[in-house]
Amino acid sequence: MGLQHAKPYFSSQPPIRSSVTSGALSLHFRGNTRVEEACEMYTRAANMFKIAKNWSAAGNAFCQAAKLHMQLQSKHDSATSFVDAGNAYKKADPQEAINCLNAAIDIYTDMGRFTIAAKHHITIAEIYEAELVDIEKAIAHYEQAADYYKGEESNSSANKCLLKVAAYAAQLEQYQKAIEIYEQVGTNTMDNPLLKYSAKEYFFKAALCHFIVDELNAKLALEKYEEMFPAFTDSRECKLLKVSKASIKIIVTLDNASMALYFVLFHLAIGLVIYLNVLEDIRLALHCTRRVEVAAAER
């Protein structure tokens with residue numbers, strides 16, 4: 001059969017396949033529309049529950065919306081709804097809030113949105129800190145957030161997470177871990193023109209942890225920090241450590257198991273350094289004022 005004869009033949013046949021396809025598409029789109037409408041209704045309901053401060057019901061409604069968004073292959077909207085659910089559940093059910101935020105994290109990591117995932121890991125860590133009081137799990141989420149931030153070259157955000165890990169590691173008597181982190185962050189910041197002034201604080205904290213473990217190691221660590229970062233030598237933090245290292249070791253030896261004593265000592269030392277810095281600022285301000293007054297009098 002030639003092409004000219006084929007066209008009238010096919011054109012005269014009833015479009016059975018076409019009608020079946022269009023019918024299926026029609027049902028598909030109608031089904032999607034109904035799911036979208038359900039998403040909107042769940043979201044409206046969730047917001048109404050928020051107004052009424054019924055946080056559990058709001059969280060549940062946002063969760064249902066998130067699942068429907070996933071059914072529609074709308075990953076971003078699904079993740080957003082899971083986050084909204086987590087924020088609602090935070091006020092009523094911390095563990096359920098964590099479950100919702102973990103679901104959002106899974107979606108964001110699948111999409112390659114690691115910075116956003118890191119942000120929600122921090123939120124989970126804060127819930128473990130404040131609500132569930134599980135420091136080990138808080139540390140794990142801060143560490144995961146730091147890893148994601150590092151991968152995205154957000155080193156400043158990564159350092160903030162690592163410093164939280166170091167503080168809690170010291171609280172749990174994991175001094176070596178705290179030392180490693182403080183030294184790592186201090187080394188990373190000492191060559192940065194904007195951050196180098198914070199490096200002395202991190203080396204100071206690392207040295208305090210060293211004092212808890214071993215006096216000889218603390219002395220060697222101080223020498224290493226001074227060699228690595230010459231500006232540390234003239235800092236009040238370094239001078240304070242050199243002057244008070246003997247008394248620090250004596251106090252710690254009296255009760256090595258006392259974390260409360262460690263933190264009292266730690267915060268007193270930090271407070272003393274801050275106090276000395278304020279006094280120096282006041283002295284410089286007064287000196288400048290006197291020079292201005294003398295210059296004005298001479299005129």
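Some ground rules before the points. This is a predicted model, in which local features need pLDDT of at least 70 and side-chain atom pairs count only at pLDDT 80 or more, while totals for chains, interfaces and linings use all residues. Residues are numbered from 1 along each chain as its sequence is written, and side-chain values use heavy atoms, with hydrogens and water left out.

1. **Overall make-up.** The chain has 13 helices and zero strands, and reading along the sequence gives you one α after another, α-α-α-α-α-α-α-α-α-α-α-α-α. Helices (H or I, at least four residues) and strands (E, at least two) are DSSP runs, numbered from the N terminus. Of the 299 residues, 36% count as buried; buried means under 20% relative accessible area, exposed over 50%, and partly exposed in between (1.4 Å probe, protein chains only). Take the contacts between residues at least 6 apart in sequence: 53% of them join residues at least 24 apart. Contact means heavy atoms within 4.5 Å.

2. **α3 with α4.** The axes of helix α3 (residues 55-71) and helix α4 (residues 75-89) come within 8 Å and cross at roughly 170°. Axes are lines fitted to C-alpha atoms, for helices over the stretch in contact, and angles run from 0 to 180 degrees between N-to-C directions. That crossing makes α3 roughly antiparallel to α4. On angle names: under 35 degrees counts as roughly parallel, over 145 as roughly antiparallel, 65 to 115 as roughly perpendicular and the rest as oblique. The residues in this contact include Trp55, Phe62 and Met70 of α3, and Phe82, Ala85 and Tyr89 of α4. By class, the contact has eleven nonpolar, six polar and three charged residues. For these classes, Ala, Val, Leu, Ile, Met, Phe, Trp, Tyr, Cys and Pro count as nonpolar, Asp, Glu, Lys and Arg as charged, and the others, Gly among them, as polar.

3. **What α4 hides.** Buried residues of α4 include Ser78, Phe82, Val83 and Tyr89. Their cover includes α3, α5 (94-110) and α6.

4. **α5 and what follows.** α5 has 17 residues and reaches 24 Å from its first C-alpha to its last, close to the 24 Å expected at 1.5 Å a residue. Among its buried residues are Pro94, Ile98, Leu101, Ile105 and Tyr108, and what covers the buried residues includes α3, α4 and α6. After α5 comes glycine 112, with a positive phi near 80°.

5. **α6 with α7.** The axes of α6 (residues 114-132) and α7 (residues 135-151) come within 8 Å and cross at roughly 165°, and α6 and α7 are therefore roughly antiparallel to each other. Among the residues that meet are Phe114, His121 and Tyr128 in α6, and His141, Tyr142 and Tyr149 in α7. The contact divides into twelve nonpolar, four polar and four charged residues.

6. **Histidine 120.** This one sits in helix α6 and counts as buried at 7% relative accessibility. Leaving out residues up to four places away in sequence, histidine 120 touches Val83, Leu101, Ile105 and Tyr108.

7. **Two glutamates to look at.** Most residues other than glycine have a negative phi. Glutamate 153, in the loop between α7 and α8, has a positive phi near 65° and is exposed at 61% relative accessibility. Glutamate 173 lies in the loop between α8 and α9 (175-189); its phi is also positive, near 65°, and it is partly exposed, with a relative accessible area of 41%.

8. Asparagine 159 is in helix α8 (residues 155-171) and is buried, with a relative accessible area of 10%. Beyond its neighbours within four places in sequence, asparagine 159 is in contact with Val185, Asn188 and Thr189. Lysine 205, in helix α10 (residues 196-213), is buried too, at a relative accessible area of 15%. Lysine 205 and alanine 170 are 35 residues apart in sequence and 9.9 Å apart in space, C-alpha to C-alpha.

Definitions and conventions. Expected span 1.5 Å × (residues − 1).
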